[in-house]
Amino acid sequence: MASKQESVYQIFSFQDCKSSPDPIFELPAQCLTPGAVPIVIDNGSFQTRAGWAAPAAEFDSPLLLFRSVAARSRGAARSETQIGNDIPNLEPLRWLLKSQFDRNVAVNFEIQELMFDYVFTHLGISSEGSVAHPIVLTEAPCNPLHCRQMMSELLFECYRVPHVSYGVDSLYSFYHNNTRRKLQPPHTGIVLSSGYHCSHILPVINGRFDAVNCKRVNVAGSQAASYLQRLLQLKYPGHLAAITLSRVEELLHEHSYTAVDYHEELEKWRSPEFYEREVHRMQLPFSSKVPGGCVSVEERQERRAQQLRRLQEINARRREEKLLQDQERLDRLMAVQELLEDGLLDQFHKSLVELNMDSAEELQSYINKLQLAVEQGRQKLLHSDAAEGKPEVSELEQPMDEGDGVALMDPDFPEDTLPEKPANVVQPVFNVAEYHQLFVGTERLRCPEILFQPSPTGEDQMGLMETLQYVLARYTPEQQEALVSNVFLTGGNMQYPGMKERVERELLAMRPFQSHFKVTIASRPALDAWYGARDWALEHPLSGEGGAAEGWISRQEYEEKGGEYLSEHCASNVFIPMKIAKPVPARPTEPSVATLTSTGASAAVTTVTSALAPSSSTAATDVSMVTS
């Protein structure tokens, strides 16, 4: 029976995958033709995916997949920056990592430029000064105008690309999966997207993104990883260094799941049998340093000897420093006393005032004390030099100088100062194997649950399904029926097992009685955005004459309409130009002098000053953020 119980639980080991540098690909032959093949870049906040939009079979998947992070030491040259997979292990450089994103919006364009350099170099583009390929780039829903302006300026001015197309990553995934399901356009539905930094509810009506009613929830994969790391570090304070963010992300991706009924699932974990069967024991690397472990007598003696030597060195160094200080002060006082002997009374009294002394007797008393202290200090240094290499316990029992007592408060001073235990005392049995294991139980479902209940992480906002209900309430009942008939889940944070069933259960409780809805999940939630962008680029090729087709921004349009310009298409944001009417400058007020001359003997000149009313013809400033 005992053997059966021992074989129930599962023990897993951390993979701790090390990334290898990406190869530098050669430029394909079909990309050398005059009609340049577009480059598709899914600029994700967790991972960047890049490849070619070519019909050939070898380009059916992205060639580059790397983390959207850069590491550069302070003061290092730009060429020494490590990007993505060039960093074999993120943990030692975690404090150096930088990203181009704030939440899910690209704001750090210096890092973004490094990312583009990495992509173009590894794709085999060696042309100097320009990239002669159109770019299909993903951006955040409702991307601010300023961010798109900076991105267009980077692409058109720095890389001199001929055409650029922007689209929302989750909408690309939506249309890619609708095409695979052979749904006839225009498509209507609602997209639930959850990535690394944010989650979004994106309604799509008649093939167009309804940006006015979309909503963002600031809870996603990074918050779940931080929450799981805090839970495990509080549970296992002895393994703080071993519970790294990379291992926590591995736990989330490989061992977590979404509960269909959260409270009912937690009740199941109360059962010891269920716990033993479902708990995942994660094996940590073995370390011989175990708290409370047995230490041999020889090791303790060696530690004491090392500590005594360290304390003696500290005391000797402090005595030497104090001796130098006393000697300097004694020389200064002797110089003042020489002024008295030379008969320079005015300078002598002035020096006494600076030393805060009243008389020559007080000065002589201080000189005597310092001479005695200097002599004693020299004697102690001589004794310590003679006893060097022979630590004695009596050294610690001698009266110490001022400040020497601090040396005994060394943080490395051995804690085991109690008498030695007899060798025949029975030590408690310590299971070293279990000590190096993490028991991941209810944490497997508690962390994905924050997507629906963000309150445990301290976020004061609605969950994903509550936000969905708020968005649906802004439409008519007919529109609601059309939207919920195609509820689409996409994004890397939607890959937990049971996510689709949980959304269906929440919709069943949310929707009216006997109403219909359908929930589908992306075939590859983390990669379908790139595949959708690739399909769109193949379906909307540029014309041979260089004119821009639907969804493409040419360099001429960029120069004429500005960097924030967006050419809309089925997976893009909505472009609302920002119109700021400049105020008409008010003319300076000039007094109008009306000189009335009477026809009498005397000419009465009356000056009438009429104040001009200020011209407040400033048009109302229509600053509309691009709901892109």
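These are my notebook entries on a predicted model of one protein chain.

**Ground rules**

I number residues from 1 along each chain as its sequence is written, and my side-chain values use heavy atoms, with hydrogens and water left out.

**Whole chain**

I looked up the secondary structure and found 19 helices and 20 strands. Both are DSSP runs numbered from the N terminus: helices are H or I with at least four residues, strands are E with at least two.

Next came burial, where buried residues make up 41% of the 628 residues. Buried means under 20% relative accessible area, exposed over 50%, and partly exposed in between (1.4 Å probe, protein chains only).

The chain exposes about 34800 Å², with carbon and sulfur atoms supplying 53% of that area. The areas come from the Shrake-Rupley method with a 1.4 Å probe; for residues, only the protein chains shown count as cover.

I also checked contacts (heavy atoms within 4.5 Å). Of those between residues at least 6 apart in sequence, 72% join residues at least 24 apart.

**A three-stranded sheet**

I traced an open sheet with the order E6-E5-E7 and antiparallel pairing. Strands E6 (82-83) and E7 (97-98) are its edges, and each pairs on one side only. Two strands pair if DSSP finds at least two bridges between them. Strand E5 (residues 70-71) is joined to E7 by two bridges, and in one of these pairings Ala 70 has Lys 98 of E7 as its bridge partner.

**Helices H5 and H6**

How are H5 and H6 oriented to each other? I have H5 (residues 221-235) and H6 (residues 245-255) packing at an angle of about 110°, with axes 9 Å apart. They are therefore roughly perpendicular, the word used for 65 to 115 degrees. The axes are lines fitted to C-alpha atoms over the stretch in contact, and angles run from 0 to 180 degrees between N-to-C directions. From H5 the contact includes Ala 224, Leu 228 and Leu 232, and from H6 it includes Val 248, Leu 251 and Leu 252.

**Two buried residues**

Val 164 sits in strand E11 (residues 163-168) and is buried, at a relative accessible area of 0%. Beyond its neighbours within four places in sequence, Val 164 contacts Ile 135, Leu 155, Phe 156, Gly 551, Trp 552 and Ile 553. I also noted that its C-alpha is 8.4 Å from that of Arg 555, which is 391 residues away along the chain.

Is Arg 444 buried or exposed? This residue of helix H14 (residues 443-446) counts as buried, at 9% relative accessibility. A polar atom of its side chain lies 2.7 Å from the backbone oxygen of His 255. Among the residues that Arg 444 touches are Tyr 257, Trp 269 and Glu 278.

**Backbone geometry in loops**

I found a cis peptide bond joining Pro 185 and Pro 186, with omega about 0°. Pro 186 is in the loop between helix H4 (169-180) and strand E12 (189-194).

Lys 182 lies in the loop between H4 and E12 too; its phi is positive, about 60°, although it is not a glycine. Lys 182 counts as exposed, at 71% relative accessibility.

Arg 103, another residue other than glycine, has a positive phi near 60°. Arg 103 lies between strands E8 (101-102) and E9 (105-106) and is partly exposed, at 31% relative accessibility.

Technical notes: Predicted model: local features only at pLDDT ≥ 70, side-chain atom pairs only at ≥ 80, totals over all residues. Polar contact = N/O pair within 3.5 Å; in protein donor to acceptor, adjacent residues only side chain to side chain. Parallel < 35°, antiparallel > 145°, perpendicular 65-115°, else oblique.
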